[in-house]
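Here is a short report on one protein chain. Look at the fold as a whole, then at a few backbone details.

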Amino acid sequence: MSMFTAANAAVLPPEYGDLVTKPVEALSVAYLTGTAVTTGANAYLVPILASDVTVGAVSEGAEITPSDANFEELKIKPAKFAGLTIISRELADDSNPSAADQVGRSIARQIANSVDNALFNALAAPNPPGFASLSGISTVSAPVTYSNLDPFEEAVSKSEAVGGRITSWVTGAATALDIATLKDGTGSNKGLLNPDLTSEGRRTILGRPVIVSPYVPADTVYGISKDDFLVVTRDGTRIDVDRSAYFSSDRIGVRGTMRVAFGMPVPAAHVRITNASS
């Protein structure tokens, strides 16, 4: 069935892909913390410098010994994520722009949740591998109960040692609360963390924003280097409409599909902090 029949036009304007893509990018922690890349190909190849050109001091007039830079490739193949929402015929026929937004955000929430779950947990294929299964990621052990920000200082140092730059921290709500209640001294009521004055209510650790995700395992904090974390999206996000499957209840099925995968060319630029009890 064509998606652009007169009956579908109210909910699905020509730019239908944006109804899903833009809300996913706004809702998903992956897009908030990584560098978004779009490809029209089945796979996205990232060149990785394996060995650099040899450089050294040379006497004036002496021959310069040639050398080659060696490159490897990281192949990132986007996996299909899909969401399905069932809407009333009245909503489908509503020409108000908010109706289209509601449909897009409903599907986008499902896809965004699935993307973040794959990013922070080792899930079976066809889910793309994320930080939980990343070989070579830097690690830091934190005490059972946080008393200071030393583990985060260590994480920043480890990332910088390989050329990374941690730009955000991602953790679960309980761990975020534990860290947020740290005080700057015994008997003090002043929090150790600094608020982000550019965003109301947002906390920062060492000047980097703290983002909460329900998909990060307990007692775990990820330090993410944005420049070294690619979120690859394949062109062609689709919305398909089926008016027959739910014929008896006069409802309409709307399905969105989006292809996403992750790439971490320098694994050690990212850091996983875990409590000693984990």
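## Contacts along the chain

Among contacts in the chain with a separation of 6 or more, 77% are between residues 24 or more positions apart. Keep in mind that this is a predicted model.

## Overall make-up

The chain has six helices and 13 strands. It holds 278 residues, and 41% of them count as buried.

The accessible surface of the chain is about 14,600 Å². Carbon and sulfur atoms contribute 51% of that area.

## A cis peptide bond

Where does a cis peptide bond occur? It joins Ala125 and Pro126, with omega at about 15°. Pro126 sits in the loop between α4 (97–120) and β5 (138–142).

## Two aspartates with positive phi

Asp219 is not a glycine, yet its phi is positive, at about 60°. Find Asp219 in the loop between β9 (208–212) and β10 (220–224). Is Asp219 buried, exposed or partly exposed? Its relative accessibility is 26%, so Asp219 counts as partly exposed.

With a relative accessible area of 35%, Asp250 is partly exposed.

Conventions. Residues numbered from 1 in each chain as written. Predicted model: local features only at pLDDT ≥ 70, side-chain atom pairs only at ≥ 80, totals over all residues. Heavy atoms only, no water. Helix = DSSP H or I, 4+ residues; strand = E, 2+ residues; numbered from the N terminus. Buried < 20%, exposed > 50% of the residue type's maximum accessible area, 1.4 Å probe, protein only. Contact = heavy atoms within 4.5 Å. Areas by Shrake-Rupley, 256 points an atom, 1.4 Å probe, with all protein chains shown as cover.
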